[in-house]
Amino acid sequence: MLPDWISLDCAAPSESHRQAAMARQAQLTKPLGALGRLEEVAVELAALQATDYPGADRAPVVLFAGDHGIAAQGVSAYPPEVTVQMLRNFAGGGAAIAVLARHLNCPLEVVDVGTLASDAVPGVVADKTRRGTRDFSVAQALTPEEVAFACDAGRRALARQADHQPQLVIFGEMGIGNTTSAAAIAAALLSCAPVDIVGSGTGLDADGRAKKAAVIVAALARHGLTSDAAVADILAAVGGFEIIAMAGAMIAAAQRRWPVLVDGFIVSVAALAAVRLNPSCRTWLLFSHRSAERGHALVLDALGAHPLIDLDLRLGEASGAATALPIIRLACALHNGMATFAEAAVSGRDA
Ligand SMILES: Cc1cc2ncn([C@H]3O[C@H](COP(=O)(O)O)[C@@H](O)[C@H]3O)c2cc1C
Ligand SMILES: O=C(O)c1cccnc1
């Protein structure tokens, strides 16, 4: 059973602030619409934040890490021990997201929601009930209780960000094997062929991708995940702790009226699960980038999402969201700081 809070409604954005932001954009000293998506982002954030002055300066990053039993099937180009080794790299400041967060002045919290680590890793919050999921080619990855635990862990992590007074929140993930879990979840949720979703992850070649797709096909059949399967059953059968924690954290963020900037393939699959569990959270999700991972475009389409950038990134860790954040900050700076035609004594458009 999923926790009760998962289905609580998220508020709608402020339509009056949206209208005011659109009216302001029409008065700024530029041809109407000339700042394209930057205008849209500022207006959207104004509506979500219910403010005349949207901003993204306070944007904490929460990175959830978990391990995957399915990694035993050789579906990743890297060994499972990398997940825990990377925990130390996040805490030590050398991982890509650590560099980006530092540069962007974003607080970074790393949460171990289910890695293989048996000891506490300094600088990492441990909130876990089990070390790694079960191999979903031979067993259910998670029990229903473990799914519920992961949802709650996501919400707990979100609640810890309140001190930062977030204007938006960013979620990231780390977990060797998690593109296989994410692809299996997406194939089940979208009722599409795994071969259309499966990508190279950390660097599989064509043979590796074919094997990865075959592992997923067999698992979906084994677990009886047909098109009408319940989301909670899909997550238990082939899910991962960090993916479920992100889905829970997204719903919890939306319930607090905190916009979420969604990262790449894996985070987008968590977003898809979150939206299927609670459709009212969709409006709180902004999409940062299109990953090079094969299935991302399909998942974005299913969410009706149009990400801001496409830089062929395929890292995860929230690195794409962090990379897009300066664009959102600039969109807000323009919205808040540009002069109007009247203020600058510039002639407006001819009728
Ligand atoms: C050193 C290293 C750092 C990473 N940071 C993120 N990922 C990314 O790769 C993993 C998913 O790919 P797959 O499903 O192929 O294992 C996840 O941990 C993801 O966050 C990394 C992977 C590696 C090797
Ligand atoms: O887009 C992602 O999130 C991604 C792609 C490949 C490997 N890890 C993450």
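Tutor: Let us begin with one bridge: Phe64 has Glu173 as its bridge partner in E4. This is a predicted model, in which local features need pLDDT of at least 70, side-chain atom pairs count only at pLDDT 80 or more, and totals for chains, interfaces and linings use all residues. Residues are numbered from 1 along each chain as its sequence is written, while chains are lettered from A and ligands numbered from 1 in the order in which they are written.

Student: How many bridges join E1 to E4?

Tutor: Two strands pair if DSSP finds at least two bridges between them; strands (E, at least two residues) are DSSP runs, numbered from the N terminus. Here E1 and E4 run parallel and are joined by five bridges. E1 also pairs with strand E2 (residues 108-114) in the parallel sense, over six bridges. In E2, Glu109 stands opposite Val62.

Student: Which way do the residues of E1 point?

Tutor: In a regular strand, side chains alternate between the two faces of the sheet. Val61, Leu63 and Ala65 point one way from E1, and Val62, Phe64 and Gly66 the other way.

Student: Why is Val62 classed as buried?

Tutor: A residue is buried if 20 or more other C-beta atoms, placed from the backbone, lie within 10 Å of its own. Val62 is buried because 26 other C-beta atoms lie within 10 Å. Six of the six residues of E1 are buried.

Key
Buried ≥ 20, exposed ≤ 12 C-beta atoms within 10 Å, placed from the backbone. Helix = DSSP H or I, 4+ residues; strand = E, 2+ residues; numbered from the N terminus.
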